[in-house]
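Hello,

Here is the structure I promised to pass on to you. Please have a look at it, and then read on for what turned up.

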Amino acid sequence: MTDEYLLRMQGIDKIFPGVHALDHVDLNVRAGTVHSLMGENGAGKSTLMKVLIGMYTPDDGTIVFDGREVQINDTATGLGLGISMIHQELSPVPEMTVAENIWLGREPKGALGLISRRAMNTATQELFDKWEIRISPTKLMKDLSIAQTQMVEIAKAISFDSKLIIMDEPTSAITETEVAHLHRMIDQLRSTGTAIIYITHKMDEVFKISDDITVFRDGKHVATLPASELDRDKLITLMVGRELTQMFPKLEAEIGEVILSVEHLNRGHLVRDVSFALRRGEILGFAGLMGAGRTEVLETLFGVHKADSGTITINGAPVTISQPKDAIAANMALLTEDRKLTGIMGVLSVRDNMIMAALPKYSPNGFLNRRRIEADCQAQREALALKTPSLNQLIQNLSGGNQQKVLISRWLLTLPDILMIDEPTRGIDVGAKSEIHRLMSMLAQQGKAIIMVSSEMPEVLGMSDRVVVMHEGTVSGIVERADATQERIMQLATGPDATAA
Amino acid sequence: MSTATTADTRTKFDTSGFIKKYAIVGILLLFVILLSILTGGSFLQPQNLINVIRQVAAIGIIATGMTFVIIIKGIDLSVGSIVAVAAVVSSSLAQTPQASVIMYPGLHVPVIVSVLAGLAAGALLGLINGALIAGFGIAPFIATLGMMTAARGMALIYSGGRPISRLSPEFNWIGQGDLLWIPVPIWILAIVAVVAHVMLNFTRFGRHTYALGGNEQAARVSGIGLNKLKIGIFALSGLLAGLAGILLASRIGSGNPQLGTGIELDAITAAVIGGTSFNGGIGTIWGAVVGALIIGVINNGMDLLNISPFMQQVVKGVIIVLAIIIDERKNR
């Protein structure tokens, strides 16, 4: 029996605590084609691929590969079947050579069963010659540029002679020349019958190389169509076409004068010529795809990274911010994206976590004013309806939503004028989510200016007075609340285009 | 609702939390009772108990500084060598004319000057540790390993490799004398412990210390100046090691450049038995002092029981590992 499909994934289901990441998803990929997966951040593309290569075990569903039903329980099984993947996060061993990285775990053996360095280097050179990659096999990985590292990862994935190669955002870190090179490689692989699953956020790229396109949304399969039957607008409609069922209690706030204005801010390649203004009482949303540079803008404004150039003006006066201390002195606050990594101090109490940013205020002569700390922390606890048995409780024992409230308190205690919140409700339950939205609304009403980075479209549309949309480190547009639609924002987020005038 | 939550926190007593927190004190009492029975009461003689504390005063003082260092996920291996530097420096300024080898003939300074010189030497070396760690990003283990070797060399060079002896009675009073019937070293340990406890719990410096150990990235984003903090903590550790060095030199009446060898391990052991976590963010001063007392009680008890010194080492090793296992359990 012949099957035009190399891969059939059927009814794949995966539930994480609190999230239905994949809801009975199907994916069929034909041999010798490029099949693109499209969808917003968190639509389920990466999760599905991790199921396919054996990093996640699905809760339900079947996988038929090359005519046989298979169980892929670990990555070795996947590789053995002929499925390899280029990961979004590169993971080379920096102190090893290019050749050693490519043959890691399957090193060619010489006499006595020892690793043959010569055989390894020769094999690498042959591989590179075939694919026209000009990197010396004996170079150390740490001496390569990011683009070169990416090319090595691509060569490694090809070297398995896989029947199916998954490429997760392979072009996010490489230049135009290398993108063209990669596309030529893909064409050649396709012509020899290899199937490629391609994940990208770049619209022009999708239409250039895809044979088929599958769209996911909120963990569900939306549609699979030949690329020839789609265009940019149709694709965006499929990606965002959700009904806005979640309601946010956005309250009307009086928008005041400009408090913060940022002009021509630059930092590395993820913050390029960023300019915008923020007013009192305003919630300014920052939308964009993953890696568009939104977090980097906040971190640069706050002095976590030093800006390369640009001017920051607060209340009409230019300010220099080279470390978080300076930003705090300018009445700014930053609630970071990754609660665990840069937010909570897990083994410290709720009280200690709350006061950390405002300590100078509570210890003017170095000694803590415990009575004031106690009073203010209790007041925060009540105002934010914080659920904790006591302020002495270790913060790591609280739920994600309550941890987030403590971190909001940490910054409210500094009495900021400008509050920057990166992903305010990531990974927290629905109830706490709407409480945090209500809180943000109330803070805006009190005249605070808020910048909110969010990857959740309903949150962006529901909360923002205006939306700054970023694409590859630049501001691709600023949209007023009245004009903000999912389609408009997605158009801008996927890059400037003739159709998005 | 607000009153309900407040009342809640005040009335509810967390029994299991209390037991976890003070388990170490129970272990100390257990050892005391056990040894009292085994030695037929001689362990409990007041003079013996005072001896125990006198012997662990230096370890307790160093463990106090070490607690700060370990809370910020650091380690200070150089304290033993800093003990020696402070010992020879302060001793050289406290010699009497009767000594056969005199470092500074004809020099007579008040005892306070020799003490301050020893403290300054310790603080300076600790400051260098901190600067290497904060300024060059060197791992504390490596930076203080280097200092451990270099400072020992400095002590040997300074003293010419010989003990500096015939110290003034005023200087020796620090390690040998009594104040209100209680040995001076015990007073010093008590004062150091109380001051350190206040610093850790009632000052901004203390909160910053816990914050740095709890999550360095978060502490940075919260606007805490981390470099100054790290330098300050390592300087504090050096200062306290210097104080311990003066204490030890005056107790034996001579500044020996070999003094303090291995004491860093006793101090680390005391801090860790006392519940300070190598994962950072957790630790108390009273825990470190109790840890030092446990070490002293075990040493003294085994001496009284005539257990061979070789066996004593095995027993101590086992107790250290057991203490950590119990600690890991309670944190789970």
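**A helix pair in chain B**

This is a predicted model, so please read what follows with that in mind. Helix α4 (residues 79-92) of chain B packs against helix α12 (residues 263-273) of chain B at an angle of about 125°, and their axes are 7 Å apart. An angle over 145 would count as roughly antiparallel and 65 to 115 as roughly perpendicular; α4(B) and α12(B) are therefore oblique to each other. On the α4(B) side, B:Val79, B:Gly80 and B:Val83 take part, and they meet B:Ile263, B:Glu264 and B:Ala267 in α12(B). By type, the residues of this contact are 4 nonpolar, 1 polar and 1 charged.

**Chain B as a whole**

Chain B has 14 helices and 2 strands. Its C-alpha atoms fill a box of roughly 75 × 55 × 35 Å along the principal axes. For 332 residues, a compact globule would have a radius of gyration near 20 Å, and the 21 Å of chain B agrees with that. Of those 332 residues, 47% count as buried. Among the contacts in chain B with a separation of 6 or more, 80% come from residues 24 or more positions apart.

**A covered helix in chain A**

In chain A, take a look at helix α18 (residues 486-493), which is mostly covered, with 6 of its 8 residues buried. These are A:Gln486, A:Ile489, A:Met490, A:Gln491, A:Leu492 and A:Ala493. The cover over the buried residues of α18(A) includes the helices α8 (232-240) and α17 (457-463) of chain A, along with the strands β13 (283-288), β19 (466-471) and β20 (474-480). After α18(A) comes A:Gly495, with a positive phi near 110°.

Best wishes

Conventions
Residues numbered from 1 in each chain as written. Chains lettered and ligands numbered in written order. Predicted model: local features only at pLDDT ≥ 70, side-chain atom pairs only at ≥ 80, totals over all residues. Buried ≥ 20, exposed ≤ 12 C-beta atoms within 10 Å, placed from the backbone. Helix = DSSP H or I, 4+ residues; strand = E, 2+ residues; numbered from the N terminus. Contact = placed C-beta atoms within 7 Å. Axes fitted to C-alpha atoms, helices over the stretch in contact; angles between N-to-C directions. Parallel < 35°, antiparallel > 145°, perpendicular 65-115°, else oblique. Nonpolar A, V, L, I, M, F, W, Y, C, P; charged D, E, K, R; others polar. Rg over C-alpha atoms; globule rule 2.2 N^0.38 Å.
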